[in-house]
Amino acid sequence: MLCLTLTGKSEQECLQQIEKSRGSIDLVEIRLDLLGHVSADTVRNIVTGSRLPSILTYRRKRDGGAYDGGERQRLSSLCELVACGVTYIDIEEDVKRPELEQKARELGVKIIRSCHDLEKVPSDLYARIVKLKKRGDVAKIAVTVTCVEDLMKLFGARRELQSLKEKVIVGMGEFGIPSRILYKRTGSLFTFTSVDGKGASGHLSPRIMDGLYHARSVNEDTKIFGIIGNPVMHTSSPRIHNPGFHLVGLNAIYVPFLVDEVRSFFQLADLLSIKGFSVTVPHKQAVLPYLGKISREVKLIGSCNTVLRHAMMWKGVNTDFYGFLDPIRPLLDASRIRSAVVVGAGGAARSVVWALRNHYCRVTILNRTIERARDLAAQTGSSYGPLDDHAALESADLIVQTTSAGMPPLEEIDPLEGYSFSKEQIVYDLVYKPRYTRLLSRAAEAGCQIIFGSQMLIAQGVLQFESFTGFNYPEGLDAELL
Ligand code: NAP
């Protein structure tokens, strides 16, 4: 079940949030601490208007909520409002108020015993859940996940606490997001969402949880794929793979994993039987020691963006190489591109330079840090220079922008600011958000043929999808949504 935490300040705002999410949620959490005015009428109207089961919660500041008044007042409000037709009441683990529990029981309201750790995952996580369950109908623990190892403990609960049926395990923070999307794999009865993400750290909206991830449909047979990176939540890859699985009719899900240590992620991948994953900055080299098999491109480039389970080992391939080539292949085949300038000397530039050199293109690498350009040039048989090497730029058929300049927070930066493009040149920017970077807008104004980063993103994603699933990517991907 997906639970919508209501973050509206008024009854009307809460009812609007419910309507916006209808169809994607199974229950609502009424957060008294977020409401501007707490009254029995308000609670009753939300319960009736929602036409869904509901949880009554009055969260204190120290547990991550907004209530900072007296405890006596809070508990007496809960005592009064539990009679407003709610299905569950959330009572924190330290609260000892037998009359509140008794009243809830008399009214047939189920008790959620909850515990929050805003700093860490406690070492006695499983024992705490068992203890909570003894004092309520549902045990709920919300803990702050600060690394992949923490996340493993949350997913481990499913096996460790198999016999404990009604429990809710929530991983807060960005590291915890997979435990929300894959809540069923932690053994949780439900997970929380909010329309604006303001309900708690790491909340996704019901539209994303249901519309993109189909989190409620995950079952024993669901094949898990994902992407690892740091940061990772900005990535558009879930918007390529999840709709693809859906269109093909595959029971599979693709989840973003914020990863601090690649070693721990490989352990998590075994625990969750992950079938394959994409790799983004900064882990493209760090995964190499864990791969039993690598493709020719990975060997050449020294970086891997796709890892697949292959027999009893992990296999690494690089779809950036072919994804980059895809939009310019006809131009290369027609010998329209013989020389190129590659701006940047980072991970993406490595794939680009090798792909171009493989097609017998003359390449000059221009980079802010000249030593990095020199090193990559030496490895690939290219030339190199600084960003203002206008002679190199003027003689290039193709200019490829591979730096992170142009992408937030560097969206105002154009690494070739002082250079005027000639209309015969083809300009390719790997940055895909925004679609038009400053550099690409200037190239379009100069009359150049331009190639968007999203074209490469889709092409490399489609190749990944095919390696993951064995299926051709289906028609119907809306590139505008990336
Ligand atoms: P990276 O390894 O961190 O390399 C970053 C590059 O950007 C370096 O050359 C760095 O120069 C340069 N740079 C950073 N800030 C700069 C600035 N203010 N001015 C000039 N140069 C600057 O990153 P990466 O993996 O290569 O990724 C780079 C970009 O490619 C990202 O925007 C990524 O999203 C994009 N990308 C797109 C696709 C796609 O499918 N479209 C695929 C892969 C990557 P120094 O050496 O001087 O630091």
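Trainee: So a polar contact is a pair of N or O atoms within 3.5 Å, and within protein one must be able to donate a hydrogen and the other to accept it, with sequence-adjacent residues counting only through two side-chain atoms. How far is an oxygen atom of the ligand from an N or O atom in the side chain of T369?

Mentor: That distance is 2.5 Å. This is a predicted model, with local features needing pLDDT of at least 70, side-chain atom pairs 80 or more, and totals using all residues. Numbering starts from 1 along each chain, and side-chain values use heavy atoms, without hydrogens or water.

Trainee: Nice. And what about N367 and A348?

Mentor: The side chain of N367 has an N or O atom 2.9 Å from a ligand oxygen. For A348, a polar backbone atom is 2.8 Å from an oxygen of the ligand. The protein covers 83% of the 930 Å² of accessible area (Shrake-Rupley, 1.4 Å probe) that the ligand has on its own.

Trainee: Which residues come nearest to the ligand?

Mentor: Of the 22 around it (a heavy atom within 4 Å), A348, N367, T369, R372 and L430 come nearest.

Trainee: Which helix gives the most to that shell?

Mentor: α18 does, with three residues. Both α14 (347-358) and α18 (453-469) supply at least two; helices are DSSP runs of H or I, at least four residues.

Trainee: Switching topic: is T319 buried or exposed?

Mentor: Buried, because its relative accessibility is 5%, and the cut-off is under 20% with a 1.4 Å probe, protein chains only. T319 lies in helix α12, residues 319-325.

Trainee: What does T319 touch?

Mentor: Leaving out residues up to four places away in sequence, T319 touches N305, T306, Q460, L463 and Q464, with contact meaning heavy atoms within 4.5 Å.

How values were computed: Buried means under 20% relative accessible area, exposed over 50%, partly exposed in between (1.4 Å probe, protein chains only).
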